[in-house]
Amino acid sequence: MRNLREWLHRAAGTLSRRRRDEDLEEELRLHLEMATDAARQSDPQDDGRRAARLRAGGVAQAMEALRDQRGIPSITDVVRDMRHAIRGLYRRPGFSAVALFTIALGIGANAAMFTIVYGVLLKPLSYPDAERLVRVYQTNPALGVMDGAVSPPDFDDWQSHTRAWDGLAATQASPILALGLGEPVELEMAVVTGDFFGTLGTTPVIGRAITHSDIRDAIPLAVISERLWRGALGGDPAVLGRTLRLGVHGYTIVGVVPTTFRYPSAGTDVWTPRTVLGEEEIGPYDRGQRVLDVIGRLRTDVNVEEAHAELQALAAHLAVEHPASNAAWQGVAIVPLHATVVGSAGPVLVVVFAAVTALLLIVCANLANMLLARGAARRREMAVRVAIGASRTRVVRQLLTESGVLGFCGGVLGIAVAAAIVRTVVRLGEGTLPRLDEVHLDGWVLTYTLLLSIVAGLVCGLPPALATLRRSLAVHLADGRAVVSRSTSLQRGLIVVEVAIAVVLVVAAGLVARSFLALQSADPGFAVDNALAVVMPINLADVEQPVEHIAQRRREWIERVSALPGVTGVGTITSLPMQDRCRDFVEFTRSDGEARTGTVPLRADNCLVSSGYLHAMGIPLLRGAHLPDVLTAGAPVPFLVSEAAARRFWPGEDPLGKIVMLQAGGRGEAVVTGVVGDVHQTGLRDAPTPTVYFPQAGGPRIVATLVVRTHGDPESLIEPIRTTVRHLDANQAIRSVSTLRAVVADAAARDRFLTFLFAVFGTLALVLAAVGVYGVLSHAVAERTREIGVRMALGANRRNVVGMVAGQAATLVVAGLALGLAGAVLVTRLMTSLLYQTSAHDAVTLVGVCLVLTTAAVVASVVPAWRAARVLPSIALRMD
Amino acid sequence: MANREPSKADVLQGTLDLMVLQTLDTLGPLHGYAVAARLEQVSSGALQLNMGTLYPALMRLEQRGLIRGTWGTTDSNRRARFYALTAAGTRQLAREKDAWARTAGIIDMVLNSQR
């Protein structure tokens, strides 16, 4: 309690009326005067000043002691310490450079990852009150669909019969050809219904949003994105009121929303009312037509469970009223919008952040070791200081200031490093992580970085600073290095920990690399080599043409391109697997005698393909026959099923020849004519979904993808194909041409990115750990030079000396390896969700890492060992 | 901070504080030099306090509220700071004198015990 009061006084002393330096000095001078007088009195011949000073001490010293007692050190003291620290950094450029470099690296990487984690995961979405925004899905557990869309009549019922919502809205996304912008441009359009802009609540940059009543009255208005406004429209200030022609309809632009408005996707450029479109564009107003993505804003006094219960009850009621369409779709799922945006990026980012933090720990261990080594070298300097009269606290304070300043300077450099890393990651990682383009350094990150660097500096500087408190320093004033100081157990402990962390990091990197390699060599279900994919959006002139015209155009493409030399197969499909999500699905019921699933419709992904598609893609036909080129009218439509579909819908039977009833689009009959191999639709990690292949006689789609299989190098055929297509129709746009290999590689972009990051971190960790081992061993050898000299003079030969150093290195590394392997086994278990067909305890990786680290340690100990062996006993013994 | 074993510096600080308090109690308000002179005289020259020890001690006692310093003038008309015991200081002095007497008594007993 007494001390607390003293501390409070000290603190108050700095703030309120302090006893000024002048007052204190006056008091001290008076004391000296009186002491001088007294000395003169006792010895009249002598001028008492010297005697007085001897007895009373010096004014300057006393002022120092008073300042220490008075309070938190004055600003001048701190400034003086800092200036001294900076001078100290200049005086030892080698040490400073290495220290600053490693700190900048560790802190910079950490700050960069923190920025990315914050920007992608933690930062709230840019809509007002974004925590109340949720996505609402219908679920069909029997089909395994947990994030299903909602049909328009169901959505209307939801809107009118629930009260849990401040706003409910639905969207449907599709690419559309836009005219009136100079050149025809392909845009991502979202047709909206319900109170869309009200629910999301964004303020437009200019103009206004489309209101609920606009949508109800089917007024053809459009809201565009800021990106579109500034881009294709050139930032035209008079953009409001301009007409935008999208497909067959004309819309008046009424507003522009900011770039941060990214619903339903980051690429959406225009929003229009769904009510403007006709049935032939968006399908019939059918309760079985599940096409709407629903988003809602919860009322402030309602929580998710209550809203869910209300919707669930309504869905059950609808299922009873409309059993044909709703009986199987009784489930409702509510997911916060933030979770759907972030998706599976969470675990990836957390793992990378953990890796970067591990790297920072290694950097701190290295720094602490360097400071300890330097502290050992400066012990004599500290001893002199204390002998002259500095209080130990003062010395400690100065040492801590030095390491704090070192940390701070490293942190400033680290900010530059962090900026560079963030820029690189955002560029390289484009498309791999959501919201990556929203990531940028801001004030919080800068503060975090500087604080972290100062704390790191202080923490690492603490052990050597405290060492000056503990030991008796006078012994260091004696001449000669009679005192042999070995690397303290702290230094050795730090190295062991450092090596252990490096082991864990390198093991993680190895696992990620192996997982990536496995992914690369996995079979996507089609032949990846020697094939091209040409994506072509529908020609603007064809938008209003009849279906047969477009089908004929596609047949012409196939004919002409097949005629090119080097082409062995051509086919078409709407969206290519792995490149674009398969947006089409088909619902059907089995109409053969043993209909097991009753009248509940089954659903599968639907690919509309030409007859040559399977051959062009290299998808094997396992049983049955290919699709015909021409369909016979009146007969059931022939279609193919994938293995997964066959297993799911006709378990234990042969699907060939089975007939199904299609639920939409004419409700015709279709017959299974063949079974084909499974194809990964969304990426190699997800299991292949049940897929069916229907002949592409059907209606115009906005985009067609031409798949061309070639005999030799596919890239040589890019130009001939372009020429052929242009020859057929000069206005045909080609969105992209890429090899199938590139398409598959793109789909694995996130894994590649992760592997790259881990490779970098693993290498850094390895290098830093090796440098750390090197540093400690060098220091040990330098300190023991005299001892080595004695040993050699007494008969040890070079080999013994080298063996001594190597033995020291070996104990450190083996201990580190053991600790690290144990740690790796525990930690990597948390990574299993990231790994593809690789066990977290993969033996090859663990053994490989041991070998790599041992090699690094051997390399690191070579130079110190060599230096030890070169010690000439005569010189060593002569050394002070 | 309050519960660790006192180091040598702390013990010296503690006893010095006690002696300063006692001096101020006996002689009333004094300035710094007078306290040092008095302690040197009473200890027959054994205690020679230099300014770097004495004045921080006085400042510490003032920070703890045991003494209070006020500016005044000496006999020779020089401006000096005089320190006087506060009520809290008087109480603390009594407490510490008791504690010291008890400690000294115990050690005395142990050192002089017959077999």
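The model is predicted, so local features need pLDDT of at least 70 and side-chain atom pairs count only at pLDDT 80 or more, while totals for chains, interfaces and linings use all residues. Residues are numbered from 1 along each chain as its sequence is written, chains are lettered from A in the order in which they are written, and side-chain values use heavy atoms, with hydrogens and water left out.

**The second largest cavity**

- The second largest cavity has a volume of about 60 Å³, a volume being the space filled by probe spheres set on grid points that are joined across faces, edges and corners.
- Its lining is made up of A:Met113, A:Ile116, A:Val348, A:Leu349, A:Val352, A:Val425, A:Leu433, A:Phe753, A:Leu754 and A:Leu757.
- Two or more of the lining residues come from each of helix H6 (93–122), helix H15 (345–377) and helix H25 (749–783) of chain A, helices being DSSP runs of H or I with at least four residues and strands runs of E with at least two, numbered from the N terminus.
- By class, the lining of the second largest cavity holds 10 nonpolar, no polar and no charged residues, with Ala, Val, Leu, Ile, Met, Phe, Trp, Tyr, Cys and Pro taken as nonpolar, Asp, Glu, Lys and Arg as charged, and the others, Gly among them, as polar.

**Two loop residues of chain A**

- A:Thr432 lies in the loop between H17 and H18 of chain A and counts as buried because its relative accessible area is 5%, the classes being buried under 20%, exposed over 50% and partly exposed in between (1.4 Å probe, protein chains only).
- Leaving aside neighbours within four places in sequence, A:Thr432 is in contact (heavy atoms within 4.5 Å) with A:Ala749, A:Arg750 and A:Phe753.
- The C-alpha atoms of A:Thr432 and A:Phe753 are separated by 7.6 Å, although the two residues stand 321 residues apart along the chain.
- A:Ser151 is found in the loop between strand S2 (145–148) and helix H7 (152–161) of chain A, and its relative accessibility of 0% places A:Ser151 among the buried residues.
- Not counting residues up to four places away in sequence, A:Ser151 touches A:Asp286, A:Arg287, A:Gln289, A:Arg290, A:Val291 and A:Leu292.

**Salt bridges**

- Over all chains, the whole structure has 29 salt bridges, each defined as a side-chain nitrogen of Lys or Arg within 4 Å of a carboxyl oxygen of Asp or Glu.
- In one of them A:Glu438 pairs with A:Lys123, the closest N and O atoms being 3.9 Å apart.
- This pair links distant parts of the chain, 315 residues apart, with A:Glu438 in the loop between helix H17 (392–428) and helix H18 (443–470) and A:Lys123 in the loop between H6 and strand S1 (133–140); A:Glu438 is buried, at 16% relative accessibility.
- A:Glu226 and A:Arg230 form a salt bridge (3.2 Å, N to O), and both lie in helix H10 (residues 226–230) of chain A, 4 residues apart, about one turn of the helix; A:Glu226 is buried, at 14% relative accessibility.
- A further salt bridge joins A:Glu381 and A:Arg378 (3.1 Å, N to O), in which A:Glu381 is partly exposed at 30% relative accessibility, whereas A:Arg378 is buried at 9%.
- Salt bridges with shared partners join A:Glu33, A:Asp37, A:Arg40 and B:Arg78 into one network.

**Chain B and its contact with chain A**

- The contact takes 28 residues from chain B and 31 residues from chain A.
- About 2800 Å² is buried between the two chains, 57% of it given by carbon and sulfur atoms, where buried area is the accessible area (1.4 Å probe) that two parts lose on being put together, summed over both.
- Between chain B and chain A there are 3 salt bridges, and B:Arg78 and A:Glu33 meet in a salt bridge at 2.6 Å, N to O.
- Chain B has 4 helices and 3 strands, running α-β-α-α-β-β-α from the N terminus on, and 36% of its 115 residues count as buried.
- B:Leu39, in helix H2 (residues 32–42) of chain B, is buried with a relative accessible area of 7% and touches B:Met19, B:Val20, B:Thr23, B:Leu47 and B:Leu49, not counting residues up to four places away in sequence.

Methods
1 Å grid on protein atoms, 1.4 Å probe; cavity = no way out; pocket = protein on both sides within 12 Å on 5 of 7 lines; lining within 4 Å.
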